[in-house]
Amino acid sequence: MLITEEYREQNRKLHSSRPDYGAGGHKWAPAVRVLATMAQTDQALDYGCGKQTLARALPSMRITGYDPAIDGLDQRPEPHTLVVCSDVLEHIEPDCLDDVLDDIESLTNKFAFLVIATRPAKKTLPD
């Protein structure tokens, strides 16, 4: 299981109430651009894309957004040469983490760029 329904709903509430939640993907645009060049691709999957700021920061690339907590972005994507998962894994429920990591691996054809925040959280879920 990638996410429980209860946790999905809590994340949906946080996404809708906090404009800054899920809005940091753009910070990683320079690194993603370098990796895309190395991978010889102009496409990437943004796994846990949130507000899709990575896609807006890289208009010359085709970024596929996937986020199970956002309606319209919650459909399972196709595998990509490059998968980006930034500031997402620290939010995964412990019992789901192995499945999420397996899912990321199954969607990655060549490169995965994972960023995991280890500092104390600045945002909390509604519960």
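Biologist: On what basis are residues numbered and values computed here?
Modeller: In this predicted model, local features need pLDDT of at least 70 and side-chain atom pairs count only at pLDDT 80 or more, whereas totals for chains, interfaces and linings use all residues. Side-chain values use heavy atoms, with hydrogens and water left out, and residues are numbered along each chain as its sequence is written, from 1.

Biologist: How many salt bridges does the count come to?
Modeller: Side chains of opposite charge can pair when their charged atoms come close. A salt bridge is taken as a side-chain nitrogen of Lys or Arg within 4 Å of a carboxyl oxygen of Asp or Glu. By this rule, the count comes to 7.

Biologist: What separates arginine 8 and glutamate 5 within helix 1?
Modeller: Arginine 8 and glutamate 5 form a salt bridge, with the closest N and O atoms 3.1 Å apart. Helices are DSSP runs of H or I with at least four residues, strands are runs of E with at least two, and both are numbered from the N terminus. Because the two residues are 3 residues apart in helix 1, their separation is about one helical turn.

Biologist: How many residues apart in sequence are the parts tied together by arginine 12 and aspartate 74?
Modeller: The side chains of arginine 12 and aspartate 74 meet in a salt bridge of 3.8 Å, N to O. Arginine 12 lies in helix 1 and aspartate 74 in the loop between strand 2 (62-66) and strand 3 (80-86), so the parts tied together are apart in sequence by 62 residues.

Biologist: Which residues are linked with Arg12 in a network of salt bridges?
Modeller: Arginine 12 is partly exposed at 22% relative accessible area, and aspartate 74 is partly exposed at 25%. The residues linked with Arg12 in the network are Asp71 and Asp74.

Biologist: How many residues apart in sequence are the parts tied together by lysine 27 and aspartate 87?
Modeller: Lysine 27, partly exposed at 46% relative accessible area, forms a salt bridge with aspartate 87, the closest N and O atoms being 3.7 Å apart. Lysine 27 lies in the loop between helix 1 and helix 2 (29-39) and aspartate 87 in the loop between strand 3 and helix 4, so the parts are apart in sequence by 60 residues.

Biologist: Which side chain is joined to that of asparagine 11 by a polar contact?
Modeller: Asparagine 11 lies in helix 1 (residues 5-17) and is buried, with a relative accessible area of 6%. A polar contact is a pair of N or O atoms within 3.5 Å; within protein, one must be able to donate a hydrogen and the other to accept it, and residues adjacent in sequence count only if both atoms are side-chain atoms. At 2.7 Å, the side chain joined to asparagine 11 is that of tyrosine 21.

Biologist: Where does leucine 101 lie?
Modeller: Leucine 101 is partly exposed, with a relative accessible area of 35%. The place of leucine 101 is in helix 4.

Terms used: Buried < 20%, exposed > 50% of the residue type's maximum accessible area, 1.4 Å probe, protein only.
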